[in-house]
Amino acid sequence: MGLVCLIHSNLLLAQEQHTVSGYLKDASNGEALIGATIRIQGQSLGTISNVYGFYSITLPKDKYVFDFRYVGYDPQLKAVELSQNMRIDLELSPAEQQLQAVVISGKAEDDHVSNIEMSTEELDIKSIQKMPAFAGEVDIIKSIQLLPGVTTVGEGASGFNVRGGGVGQNLVLLDEAPVYQSSHMLGFFSVFNPDAVKDVKLYKGGVPAKYGGRLSSILDIRMKEGNSKEYDISGGIGTVFSRLAVEGPIKKDKASFIVAARRSYADVIAKTFTDALDDGSSLYFYDLTAKTNYNINENNRIYLSGYWGRDVLEFAENQGFDWGNRTASFRWNHLYSEKLFSNLTMFYSNYDYGFKFGDKDDLFEIGSEVSTVNIKPEFSWFVNTNNEVTFGGEAILYLFEPGTMVDVSAGERTTAGLEDRRALESAVYVSNDQKLTPSLSVQYGLRLSYFNYLGGTVVVYGDTLPGSPKPVVDEYKYRKWASIADYLNLAPRFSFNYKLSQTASIKGSYNRMNQYIHLISNTVATTPIDVWQPSTNNIKPQAADQVAIGYFQNLANNQYELSAETYYKWMYNQVDYIDGADVFVNKYLESQLLSGKGRAYGVELYGKKNKGKLTGWLSYTLGWTERKVDGINYGGDQLNRKGSWYPTRFDQRHNIKMAAFYELNDRITFSANFAYISGTPTTFPTDRITVGGYVIPYINNNERNNYRIPDYHRLDVGMTLNNVWRGKKGRSGEDNIAISVYNAYARQNPFSIYFSQERGRPSMDNPVATNATQLSIIGTFIPAISYNFKF
């Protein structure tokens, strides 16, 4: 049957062909509809809109009825007599409010089964806004941590971990610009303002060839373009911070803008009730997000977006630290023809941190930053109904300032620091989405990347036993832009989808990923002052191969979605460190780094309910993530110190996540989140000696992560009351009050465990005793209330 369909398809391609293309938008605000479906009634032909709302489909000359759909919107049917190329731009209207909450973004109802993508999660901002969150504030990073395969090492930890990867192995993109630090307030809030975000997509595997640069995941966040129909003002007043966003047309249906800002005010409120902050102490963050776009003509559109945010944590005047991100993106969409769509992106991204201590006459300051400049052209060629070819490239310039130091002594100022570093990364790629038969679709591609570490001081290290600092043998200097070390890597990508029926499919994928910059950290959790380093003559690029296969099923007219995926990931040139490594402002940091291999494997089970008063999802992940590094965990092998496999800090065996939403009526919605995570590994001393009444613990054979802290579990509950004031008769706009309780049953979840010595002099009858103490970042429930509005 499949062969007959393939022959029939080829005969159709031999007939006279014409292309229908255009943009799909939201009729209420002009926003592009990402992933809208365009299908031909009575046939198994169709396509979806891209991230800019553009679609293209080529068909034989004939009469057709086009069915344009987007979940949560009224569908449109359009009869077409296709005798020439046609441009059809449409605006779909949001459907009337129903008690049919859709949890995941507005993709096709059978997308779960029919789409070739696997190991991919997508959330729309409306779903994220319903979730109960810490301090009542909507948070994108916290929301994706409720998805299968996504974890964190605990409260107060920055970033997230995906399928056994480290925080630095995730590429976080905001309108295609990388964001190096995704958290505010040491991990309690994300840097992304929900009022400015339209779409959130996470790739855990099956990564398309257009993405590269990290091993574990791609988090692609798309900002709103701004309402091109009318002006909107939205925002919220919460217990921790307030938000305000303004959007509207610069010229109706031609150009629009959005500006969104947030500022926390815990420090402002505290100063009203206490004098504890009168010495200059402060704790706050702020961010500003902005975007504008201009539709030049039907073939050209440009976008300009930016982000600027900062955190300040000061214990006293001139004592504390701060950090922040800045990004700017320019994009140009151009239609060369009905079949060839292009996007040119240029962006700048910067992350910096600094800390200081002392006073104005005796002050010590340290700062560091990493900057990225990128140009990235990409093209989509809609060859025919069975083939869509994507190709392009990118060039990235990295500028690293690993450490600058300022010392003020007796009023005299001196500066010093580590040498700046530079690197250039470039890549080209090509991939094809191909429908081989009505049941079998494949996506295959190649990504060729090249990395060049550029001029500066080169340090040559000698050999030593693994786990010991390497001795410096030689140092010499290259010209500023001279090539010191370069690496060339080919990364194949492949995915398939075989439909067993209209409601079930099997999917599989393989991808190789390469990573040329490294996040160096030796703390329990990633912090804002960890160090980014390029690959050098001493640090090789990381690489990973991942395979995954899964079964996907829809039930009850797509009301329920079920999936089971299993994956295995091999990781190479994983960066670790010797015990006691000094990774902070260290010229010879590379002498204390080790390289090894890793592996991560597991099973993810996922069930989701899309329709009805009760919606949500439940997931279970069984996973392992381990490393093997010579010089670590080498047992009794003192001669060669060959390492054995050990669990990483983010190895979590069992992981259960639940998110539920219940719409009682059109005004009241209840929600709840639950998470259970197995205890994470940590390193405890294996022995001790007592000297002069003081206990000195130590670890035999460089054992690493030899113990697990207790399990983590937490329940959050919330309620949203809609149309409290606005939206009632005679009042325009909408508003709601969100009430939530984070950690509802006051679980004291462990973040780490540390040891302390009991006081008192030791004796034969009273030997030295030590105590293990559990540190919990949050040990009680946290109620919160916020008022949100839009008009």
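Why does Glu475 count as partly exposed? Its relative accessibility is 32%, and partly exposed covers the range between buried (under 20% relative accessible area) and exposed (over 50%), with a 1.4 Å probe and protein chains only. The close-ups below start with this residue.

The model is a predicted one, in which local features need pLDDT of at least 70 and side-chain atom pairs count only at pLDDT 80 or more, while totals for chains, interfaces and linings use all residues. Residues are numbered from 1 along each chain as its sequence is written, and side-chain values use heavy atoms, with hydrogens and water left out.

**View 1. Lys587 and Glu475 meet in a salt bridge.** Here N and O lie 3.3 Å apart; a salt bridge is a side-chain nitrogen of Lys or Arg within 4 Å of a carboxyl oxygen of Asp or Glu. Lys587 sits in the loop between E37 and E38, and Glu475 in strand E31 (residues 472–477), 112 residues apart. Strands (E, at least two residues) are DSSP runs numbered from the N terminus.

**View 2. Glu590 and Arg421 form a buried salt bridge.** The closest N and O atoms are 3.4 Å apart. Glu590 belongs to the loop between strand E37 (560–577) and strand E38 (593–609), whereas Arg421 belongs to strand E28, 169 residues apart. Another salt bridge joins Asp716 to Arg714, with 2.8 Å between the closest N and O atoms, and both of these residues are buried. Elsewhere, salt bridges with shared partners link Asp175, Glu176, Asp220, Arg222, Lys291, Arg331 and Lys376 into one network. The whole structure holds 37 salt bridges.

**View 3. A nonpolar patch lies on the surface.** Its members are Val428, Val430, Leu446, Leu448, Leu488 and Leu490, which together have about 520 Å² of accessible area, by the Shrake-Rupley method with a 1.4 Å probe and only the protein chains shown as cover. Strand E28 (421–435), strand E29 (440–454) and strand E32 (483–501) each give two or more residues to this patch. Patch residues have over 30% relative accessible area and no salt bridge; nonpolar side chains (Val, Leu, Ile, Met, Phe, Trp, Tyr) are joined within 5 Å, and like charges within 9 Å. Val428, in strand E28, is partly exposed at 47% relative accessibility.

**View 4. Phe189 and Phe285 make a tilted aromatic pair.** Their ring centres are 6.0 Å apart, with 40 degrees between the planes. Rings of Phe, Tyr and Trp (its six-membered ring) pair if their centres lie within 6.5 Å; planes under 30 degrees apart count as stacked, over 60 as edge-to-face and the rest as tilted. Phe189 is in strand E15 (residues 189–190) and Phe285 in strand E21 (residues 282–297), 96 residues apart, and both are buried. The rings of Phe321 and Trp323 are stacked, because their centres are 5.4 Å apart and their planes stand at 25 degrees. Phe321 is buried at 16% relative accessibility, and Trp323 is buried at 2%.

**View 5. Four strands form an open sheet.** Their order is E3-E2-E5-E6, with antiparallel pairing; two strands pair if DSSP finds at least two bridges between them. Strand E3 (46–48) and strand E6 (76–82) are at the edges with a single partner strand each, so one side of each has no neighbour in the sheet. Strand E2 (residues 37–40) is joined to strand E5 (residues 62–69) by four bridges, and Thr37 has Arg69 in E5 as its bridge partner.
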